[in-house]
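I opened a notebook for this chain and jotted down each thing I looked up. Come along and follow the entries with the structure beside you.

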Amino acid sequence: NHIQGNHSATMTYGLHYDGVLVALMSFIKSRYDSQKQWELLRYCSLRGMNVVGGASKLFAAFRRDQNPDNVVSYCDLRWGSGGVYQQLGFKYSHTSNPNYFYFKRSGDTNKLYSRVQFQKHKLAEVLEEFDPSLTEWENMRTNGYDRIWDCGNSVWHWVNPMLPVAQV
C-alpha cells in the first residue's frame, strides 16, 4: 500500500489487528550514506486505515531489537513533508536535489521509469537504438522517452540518544 510501491527490505515489522496486517515498517542497511547504519525504507498502513501510534510502535520495536546507533530516511516531497519523522525523533538534515523519471511520449504516459534503469552503461541492453557518442538523455529522446522531475527528498537522521556524546 505504500505510494512509492514495494521495495526489498532486510528487516520488517508489522502490526496486526484481528489477524489482519494493518501497518508495516521496513528497514535495510543504509544505501547511500556510509555514516548511517540503517535506513527506514517504508512505512505504510492498510489502505483507508489510519493506525494511530503505529509508526511509533514499529520504530520502538526496531530500536529495541536492533539497538541501532543511527538511522536515515528520505521523504519524497511529492507526497509528504516528513511529519512522521519528527514524531519518531528524527532530525531534518537537508533537502536533496530533484530526481527525474522517464516516460514514453506515446502509449502509457502514466507509467514512470526510474532513471536507474536507464543509466548510460545499461542503455545498449535496454534501448532499440543506442549511440555511445550520445548522452543518456539524447539516447532516451531518440527512443521516444521524455523525463519528468520530482521535488527532491527531505533527508532525516535519527541518532540513538543512549550513545555517548563523542559518538554523536
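**Entry: the helix over the sheet.** I began with helix H1, residues 54-66, and saw that H1 lies across S1, strand S2 (20-29), strand S3 (38-45), S4 and S9. Helix H1 runs at about 135 degrees to S1. For such angles, axes are lines fitted to C-alpha atoms, for helices over the stretch in contact, and the angles run from 0 to 180 degrees between N-to-C directions. Contact here means heavy atoms within 4.5 Å.

**Entry: what I am looking at.** I noted that this is a predicted model, where local features need pLDDT of at least 70 and side-chain atom pairs count only at pLDDT 80 or more, while totals for chains, interfaces and linings use all residues. Residues are numbered from 1 along each chain as its sequence is written, and side-chain values use heavy atoms, with hydrogens and water left out.

**Entry: the sheet.** In which order do the six strands of the open sheet come? I read the order as S1-S2-S3-S4-S9-S5, with mixed pairing. The edge strands are S1 (11-17) and S5 (91-95), each pairing on one side only. Neighbouring strands of this sheet are turned by 25 degrees against each other on average, direction ignored. Two strands count as paired if DSSP finds at least two bridges between them.

Asp76 stands opposite Asn153 in S9.

**Entry: the whole chain.** I found four helices and nine strands in the chain; these are DSSP runs, helices being H or I of at least four residues and strands E of at least two, numbered from the N terminus. Along the sequence I read the pattern β-β-β-α-β-α-β-β-β-α-α-β-β. The C-alpha atoms fill a box of roughly 55 × 45 × 25 Å, taken along the principal axes.

I also checked burial: 35% of the 168 residues count as buried, meaning under 20% relative accessible area with a 1.4 Å probe, protein chains only.

**Entry: Tyr102.** Is Tyr102 buried or exposed? Tyr102, which lies in strand S6 (residues 100-104), is buried because its relative accessible area is 0%. Leaving aside neighbours within four places in sequence, I listed the contacts of Tyr102, among them Leu112, Phe118, Trp137, Met140 and Tyr145. Charged residues such as Lys111, Arg115, Glu136, Asp146 and Arg147 are also in contact with Tyr102.

Conventions:
Buried means under 20% relative accessible area, exposed over 50%, partly exposed in between (1.4 Å probe, protein chains only).
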